[in-house]
Amino acid sequence: MLALSAALALQPAFAQTPEELQARMDAAMAAAQAQAAQPGDEALTCDQLQAEIFANAQNPEYQAQMAAMGQSAQDMSDQAQRARENARGQIAGNMAMGFISSFIPGAGYAQMLAQRAQAAEMQEQAQANQAQIGGMIANMEASMPYVMRGQRLYELAQAQQCAFMQGPPAQQPQEQQVAPQEQQAAPQE
């Protein structure tokens, strides 16, 4: 009964279908990709590309959007943890109420009221989650131009084989050979 009540209560909370959300994200990505390429990109030097990549990643608006998405994700994780903890308590309470209602007439009515309250609480939580997800999607859409621009610059830097794309410098072979020689020179016990 509780599951059915929760399912019916939660149904109106989902304003957009997953397909609609995917279409919305696809449209944002397509628009961002169209804006990612700028005139003169191919003429940028490796130093200019590196500076452009850094400036794009450090853009305050982009940083704020990423921070907001991170905070939303943390909030949702915290809410899920609280929900798990509450569910454990509710299971024990429901079991106790079920046991009590078998001996006390009318106690089943109290259990039904408790289940309705739980369903209402679940609906409120679902609506709050939908609002959070909507905010995260809006942040993702707003950050998409920075992500696509960064990808474009990264691809140009790879095509030019820019040194900053190669990663940390490799160790010199001579340094690698010194360590085994030092181990041999150490006195053996």
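Reader: Leaving aside its neighbours within four places in sequence, which residues is Ser72 in contact with?
Author: In this predicted model, Ser72 sits in helix H4, which covers residues 60–101. Its relative accessible area is 15%, and since buried means under 20%, Ser72 counts as buried. Once neighbours within four places in sequence are set aside, the residues in contact with Ser72 are Gln132 and Met136.

Reader: What share of the contacts in the chain with a separation of 6 or more comes from residues 24 or more positions apart?
Author: Of the 189 residues of the chain, 20% count as buried, and the chain exposes about 13100 Å², with carbon and sulfur atoms supplying 58% of that area. Among contacts with a separation of 6 or more, the share that falls to residues 24 or more positions apart is 86%.

Reader: How do the buried residues of H2 lie when seen down the axis of the helix, and within what arc?
Author: The buried residues in H2 are Met25, Ala28, Ala32 and Ala36. Seen down the axis of H2, these residues line one face of the helix, because their directions fall within an arc of 80 degrees.

Reader: Which exposed residues does the face of H2 turned away from its buried side carry, and how far apart are the end C-alpha atoms of H2?
Author: The face of H2 turned away from the buried side carries the exposed residues Glu19 and Ala34. Helix H2 has 19 residues, 18–36, and at 1.5 Å a residue it should span 27 Å. This agrees with the distance between its end C-alpha atoms, which is 26 Å.

Reader: What is the phi of Gln161, and is this residue buried or exposed?
Author: Gln161 is placed in the loop between helix H5 (107–159) and helix H6 (173–185). Although Gln161 is not a glycine, its phi is positive, at about 55 degrees. Its relative accessibility is 62%, and because exposed means over 50%, Gln161 counts as exposed.

Reader: Which residues make the nonpolar surface patch of about 300 Å²?
Author: One of its members, Phe103, lies in the loop between H4 and H5, and at 59% relative accessibility Phe103 counts as exposed. The nonpolar surface patch, of about 300 Å², is made by Ile100, Phe103 and Ile104.

Terms used:
Residues numbered from 1 in each chain as written. Predicted model: local features only at pLDDT ≥ 70, side-chain atom pairs only at ≥ 80, totals over all residues. Heavy atoms only, no water. Helix = DSSP H or I, 4+ residues; strand = E, 2+ residues; numbered from the N terminus. Buried < 20%, exposed > 50% of the residue type's maximum accessible area, 1.4 Å probe, protein only. Contact = heavy atoms within 4.5 Å. Areas by Shrake-Rupley, 256 points an atom, 1.4 Å probe, with all protein chains shown as cover. Expected span 1.5 Å × (residues − 1). Arc of directions from axis to C-beta. Patch = residues over 30% accessible without salt bridge, like charges linked within 9 Å, V, L, I, M, F, W, Y side chains within 5 Å. Salt bridge = Lys/Arg side-chain N within 4 Å of Asp/Glu carboxyl O.
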